[in-house]
Amino acid sequence: MKKSNDIFDVLSSTVSGARMLLETIIEDYGAQDFLQCVFFGLNEADQERFLSIAFEKVGAK
């Protein structure tokens with residue numbers, strides 16, 4: 001079996017592979033726990049930007 005770093009590099013090198021990796025992490029940890037780990041590691045400006053974009057994507061204003 002390949003090393004974890006090699007597998008990560010392969011998966012993260014494409015959009016579809018990265019999505020599969022993220023979906024697998026979310027399935028294992030749960031969406032909210034995963035997002036809290038990632039989201040609160042971002043600076044405030046990025047947090048606001050992502051929230052604004054996501055809010056627009058769901059049709060809210």
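The questions and answers below go from the whole chain to single side chains.

User: What kind of model is this, and how are residues numbered?

Analyst: This is a predicted model, in which local features need pLDDT of at least 70, side-chain atom pairs count only at pLDDT 80 or more, and totals for chains, interfaces and linings use all residues. Side-chain values use heavy atoms, with hydrogens and water left out, and residues are numbered along each chain as its sequence is written, from 1.

User: Which pattern does the secondary structure follow along the sequence?

Analyst: Helices (H or I, at least four residues) and strands (E, at least two) are DSSP runs, numbered from the N terminus. On that basis the chain has four helices and zero strands. Read along the sequence, the pattern is α-α-α-α.

User: What is the radius of gyration of the chain, and how does it stand against the globule rule?

Analyst: The radius is taken over C-alpha atoms, and the globule rule is 2.2 Å times the number of residues to the power 0.38. For 61 residues the rule gives 10 Å, and the chain is well over this, so it is more spread out than a compact globule; its radius of gyration is 14 Å.

User: What box do the C-alpha atoms fill, and what share of the residues is buried?

Analyst: Taken along the principal axes, the C-alpha box is roughly 50 × 20 × 20 Å. Buried means under 20% relative accessible area, exposed over 50%, and partly exposed in between (1.4 Å probe, protein chains only). Of the 61 residues in the chain, the buried share is 7%.

User: Why does the end-to-end distance of H2 agree with its number of residues?

Analyst: The expected span of a helix is 1.5 Å times one less than its number of residues. Helix H2 covers residues 15-29, which is 15 residues, so the span should be 21 Å; the end C-alpha atoms are apart by 21 Å.

User: Which residue follows H2?

Analyst: The residue after H2 has a positive phi, near 95 degrees. That residue is Gly-30.

User: Which residues form the aromatic pair, and is it stacked or edge-to-face?

Analyst: Rings of Phe, Tyr and Trp (its six-membered ring) pair if their centres lie within 6.5 Å; planes under 30 degrees apart count as stacked, over 60 as edge-to-face and the rest as tilted. The whole structure holds one aromatic pair. Its centres are 5.3 Å apart with 85 degrees between the planes, so Phe-39 and Phe-40 are edge-to-face.

User: Is Phe-40 buried or exposed?

Analyst: The relative accessible area of Phe-40 is 58%. Since the cut-off for exposed is over 50%, Phe-40 is exposed.

User: Which residue forms a salt bridge with Asp-46?

Analyst: A salt bridge is a side-chain nitrogen of Lys or Arg within 4 Å of a carboxyl oxygen of Asp or Glu, and the count comes to one. With the closest N and O atoms 3.6 Å apart, the partner is Arg-49.

User: Over which ring does the charged end of Arg-49 sit?

Analyst: A charge sits over a ring if NZ of Lys or CZ of Arg is within 6 Å of the ring centre and within 35 degrees of the ring normal. Here the charged end is 4.7 Å from the centre of the ring of Phe-50.

User: How far apart in space are Ile-53 and Ser-13?

Analyst: Ile-53 is in helix H4 and is partly exposed at 37%. Ile-53 and Ser-13 are 40 residues apart in sequence, and C-alpha to C-alpha the distance is 24 Å.
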